[in-house]
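This report describes what can be read from the coordinates of one protein model, taking up its cores, disulfides, aromatic pairs and strands in turn. Please keep the sequence and the structure in view while reading.

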Amino acid sequence: MMKWRHEGALIPVLIVSLALALPILGQDEVDYDDLMEEYTSALDGYQFGSASMGEPCQTSSNCTFTPHVACVDNKCGCKHGYIVKGQVCALKVGGNCSENKDCPEHGYCDYQSVPFTCQCQDHYTPSTREGTCVSKIGWGCIGNENCTENAYCYLANSNNTCQCNDGYVPSEASDKCLAIINGTCHTGSGCIVNAHCRRGTCQCDDLFSPSQDLSRCLSYVGENCTSGDDCVEHAYCEGQGSNKTCECGRGYTSSPDGDKCLAGIGTHCKVNDECIENSYCLTENDKYVCHCNKGFMPSEDDTRCSGLIGAPCDDDDVCLDHSHCNGNRFCECDENYRPSEDSTICQAYSGMPCNESNECIENADCRGKNKTCECTDKYVSSPNGDICLARIGTHCPNNSLCFKYAYCYERNETCVCNSGLFPSDYNGRCSTYVGGRCTEDDMCVLNAVCTLEDGRKTCHCKSGYTEAENRESCLSHIDEPCKGDDSCIDNAFCTLEKICKCKDHYTASSGREKCLAQVGVGCADNSSCIAQAYCSPMNGDTCQCTPDHSPSAEDDLCLAHAHTSCSRNESCIEHAYCYHKDHTCHCDEEKYVPSVTLDKCLQIIGTDCLDKDQCIEHSSCVQDGEWTTCQCDEGYRPRLDGDICLARIGTVCEFDVNCIERANCGGNDTCQCDEGFTSSYDGGDCLANVYNNCSDSQPCIDNAFCTKESNRCMCIEGYAPSLDMDKCLLRIGLNCSENSTCIDNAYCQVAKHKKNGTCQCIDGLAPAHDGAICLGSIGMNCSNDSNCVPNAHCDLDNFNCECNDGFQPSKNGGKCLSKIGVNCTDDESCIDHAFCLTLFGDDKCQCRKGYRSTVDGGQCFLLSGVGSNCSSNETCIENAYCHKDSEGNNTCKCLDNYEQTDGHQCIPVSQLGQRCDIDGDCYSSVTAECVNNTCQCKAGHQREGFKCKAEMGVECSPEEGCLYRLARCTMRAGGSGFVCTCKEDYVNTKKNDCQAPLGSDCSISAGCTDEVAVCSPEDMRCHCPNGYQVEGQYCKAPLNKMCTKLGQCINRLAECGNDSLCHCREGYVLDKDDWTCKAPLKSVCTPTDGCIVPLAECTLAEYSTICLCKENTTYNPMEQSCSGGARHIIYLVVTLLSTSVAVLLS
């Protein structure tokens, strides 16, 4: 028995455990005595010590029995992963637990996590080292050990709280004390937000700057923020949503790297470093504000101090707008700018961009939409724009301010032109006349140049301009710049955009040098009209289009008619284009064709339209559902491509081309079909007659088709051509509804009370063999051979139809039948009891077996068999003669060397094993042959009695059959002889035997088509073995039995493996007790097979059954198990006791 030193330490645990479990289980589920004996026997032989927590020990057994207690450093303490909690050991924060008491003080067991883990309560946080729960910053404490790292317990009367040490601040969640900037650190996580540990001290991250008290890292200007507290001093958080950034406040400007907001001019400051570049902090009105350094001036918004012209500099940014720092490190104006008199601004030359007029040089203003410096009205810009020169008549102090080729007249101090020049109206210059002498281009009027001709320089208008009549200007062509209407060519005006355009009713010439009069506008001569127009005196001297052109809708163009010369698409009439190959106008091919007069492109049939005038001749614009489309008028139909409406058969016409295809305009001026063609029922087509040429575009008459071989029309099956070949009519014997549907000389014979009848020849005529024509019967009147049935002729002596030689009439006289030995086409063409022998390519009539021909071949009479009465030898069967016995009776008897068979035939006596001379002497030429003068079976055949039976795949005869019981003698493909093959659904084996399907006759040697099936010796049929199931033609195997890939397994949770045995699928477990496949959790299952995991059951879920945890149990994904319920309580009890035993063992 076990020895208890401290029974009280373990017995309560056992009692409590059992007290929890047993009431739930009930007496029926567990035996109390057995369970108690099982638990106590596990503890037999163990002793427990009396040392409490923290007391000395040598081994763990010296310590008081408590779960997870161990002797650590010679003192009773807790195992690794556990901490002391009073006199017990609790899990550290993060350890797996089952209830709250397993966790440290101020901790709890989180049942929402998987698996369950110990977590700290609200206002507490895990200690970074011990795994205990300590107070957050600002919450109650007893001593420093109750607070987190880098914190202490601040004693304030009875309200003690945890506070961060100097140099530390609480984290946002108050669960840590974080080192401020320059504070000591070991890892990045120990520093304040947006800082990291660098060489043992906390430093702000890139793009962040420390606050004055070093407790925060503030965002640079332009970086993301959530509020103004996140930004550097004098900055605020601007924007919406997630796009907020730090921006400097009013009066402040960002430093170059964004780490500061610097005070602008006039803004409060304390020291110089707080001011913008090139400024300093100076007292003003009893307060300190920023001022620009000497030689610098503030910008309009006071955010810059720019260097005046001549001021020292280091880079361009220091200097004024439109100035730069030169090589001598002084500010100077940029190119096309010059300094103002006080050097405080760089003034722009004429033509340069500006904002205000004071930014421009003297006598210039800032003008226009594009804001550029322009000389005022009385001044003109110098060539390089650096000065505004006075126009003629403008006040001047000296000659240098007057325009070129002018001087300042002293008497009135105004600018006047040099001798021989005149003041130009638009350029304000002194210019020479067009055609006058010059020295340079600028001496000429606007848009003229000075060119050398015949040894002298004269002014001529530039390209795009024309000399005015008074020679004082060059007039702008169309689309060229202008100053006013009088600066443009005749019949043109100057637009608001200062571009010359032709006036209304005028069109620019191709060279843009003239404005030409449009159609209907007055003219002086042909040259003053638009292209393809002339000045017509008949129309009051107005412009009119030439005969092969028509005016456009706006009269601004004369458009070329169809098939008229053109240069571009725009020069053609509406819906036409200029064809590049012949340079003539063509109507758009998809929808349009030219009118008869070629002056319009009309819409083809089927296209959308608005009125009749848009459609081709003989068509109208017709409502078609929701749309109106061009449709041919009544009596017309469209050609295939819809470009012409052709007259139908019977419609009035003028020319052949007006009619449909294969038709002509006949003598009565109406359309008629050409010879060899017949009109369709609606007159819309001329169809090819029988034997006439045909194609896809030239179809055949009704009930006819176009042959692929000869491309000629032939009647379809069941129909024959009429005598004039214009119809395909029903042949004799076919169903009909009226006489007109039957062939010529036939009628539709309808029985009483019937709607339909059959085509029959009229009295006195007989149908040809194919029913295509009604011919004269034998003995009927005729005029020539074509009136008679086939193989007959017209006897011109009595004009009656008679059969040709070798033929004789049928009983009804409707046919001439071939006699024996005469050529034939089929069995029906021979006399009675005869057939057409076609084996040797010489088709002739022969009497059927058992019949013999008369001498003239005109009759086949029945032969008498062996033992039957006869009148002569000729009346007996082959190899027999007519024998007269002693009583005078005549009967047929086999000849010598022949013997009678069961079928009363006479066959050669040379049977198998009998003498022969040639193969023909043996009874069968198919299966037997003559070898060494003896009849034997051929190779591939075996003798059975008096027959040679063929092996598989060998030629056979149906009378003798095949060697194997499950084979049959079948005709070869193509009908050339017979061969032995397996029966239908049987499979030929390598042993030349036949495997049988399930349920069919079989042989033991060949077996069955399904590998697991067996050929039963009891009924010689294929059956599945015991325990297997029949599935069509295959056997489904039970678990651990042989299977096939086609048959597979009975259990749907199993599959046929590579070893040809049925196994449970991967993840499923074979239960050999009931031979089922147990399913894992959340996998497809069957109620019969069940589940692997205890407390799980096969449950219907959506469209299948799946293994799920039972009701009132919980799914554990980590262990893939189900927990809860009575059995689970037993499991917990066993686990608790096992843990206790493990403690004692340690």
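## Nonpolar cores

The largest nonpolar core has 43 residues, and those with the most contacts inside it are C1035 and C1077; a nonpolar core is here a set of buried Ala, Val, Leu, Ile, Met, Phe, Trp, Tyr and Cys residues joined through side-chain atoms within 4.5 Å. At least two residues of this core come from each of the strands β86 (967-971), β87 (978-982), β94 (1054-1056), β95 (1062-1064) and β99 (1104-1109), where strands (E, at least two residues) are DSSP runs numbered from the N terminus. A second, separate core comprises 38 residues, including C373, C375, C450 and Y465. The model is a predicted one, in which local features need pLDDT of at least 70 and side-chain atom pairs count only at pLDDT 80 or more, while totals for chains, interfaces and linings use all residues. Residues are numbered from 1 along each chain as its sequence is written, and side-chain values use heavy atoms, with hydrogens and water left out.

Once neighbours within four places in sequence are set aside, C1077 is in contact with L1039, N1051, L1053, A1054, C1064, Y1068, V1069, D1089 and G1090, contact meaning heavy atoms within 4.5 Å.

## Disulfides

When a disulfide is taken as a pair of cysteine sulfur atoms within 2.5 Å, the count comes to 73 disulfides. One of them joins C354 to C366, with an S to S distance of 2.0 Å. The torsion about the S-S bond of C354 and C366 is about 100°, so this disulfide is right-handed. The pair links distant parts of the chain, with C354 in the loop between β28 (346-348) and β29 (364-367) and C366 in strand β29, 12 residues apart. Both C354 and C366 are buried, a word used for residues under 20% relative accessible area, whereas exposed means over 50% and partly exposed in between (1.4 Å probe, protein chains only).

Another disulfide is formed by C803 and C816, whose sulfur atoms are 2.1 Å apart. Here the torsion about the S-S bond of C803 and C816 is about -95°, so the disulfide is left-handed. This pair, too, links distant parts of the chain: C803 belongs to strand β71 (residues 800-803) and C816 to strand β73 (residues 816-818), 13 residues apart. Both C803 and C816 are buried.

C1024 and C1035 also form a disulfide, their sulfur atoms 2.0 Å apart, and because the torsion about the S-S bond of C1024 and C1035 is about -90°, the disulfide is left-handed. C1024 lies in the loop between β91 (1022-1023) and β92 (1029-1031) and C1035 in strand β93 (residues 1034-1036), so the pair ties together parts that are 11 residues apart in sequence. C1024 has a relative accessible area of 16% and is therefore buried; C1035, at 0% relative accessibility, counts as buried.

## Aromatic pairs

The structure holds three aromatic pairs, where rings of Phe, Tyr and Trp (its six-membered ring) pair if their centres lie within 6.5 Å, and planes under 30 degrees apart count as stacked, over 60 as edge-to-face and the rest as tilted. F422 and Y433 form a stacked pair, 4.4 Å centre to centre with 25° between the planes. F422 lies in strand β35 (residues 422-423) and Y433 in the loop between β36 (430-431) and β37 (448-453), so the pair ties together parts that are 11 residues apart in sequence. F422 is buried, with a relative accessible area of 10%, whereas Y433 counts as partly exposed at 31% relative accessibility.

Y577 and Y579 form an edge-to-face pair, 6.5 Å centre to centre with 90° between the planes. At 25% relative accessibility, Y579 counts as partly exposed.

## Sheets and a hairpin

An open sheet of three strands has the order β65-β67-β66, with antiparallel pairing; two strands pair if DSSP finds at least two bridges between them. β65 (735-736) and β66 (746-749) stand at the edges, each with a single partner strand, so one side of each is left without a neighbour in the sheet. β65 pairs with strand β67 (residues 757-761) in the antiparallel sense over two bridges, and N735 has T758 of β67 as its bridge partner.

Strand β9 (residues 151-154) and strand β10 (residues 161-164) pair in the antiparallel sense over four bridges, with T161 in β10 as the bridge partner of Y154. β9 and β10 form a hairpin with six residues between them, and N157 in the turn has a positive phi of about 55°.
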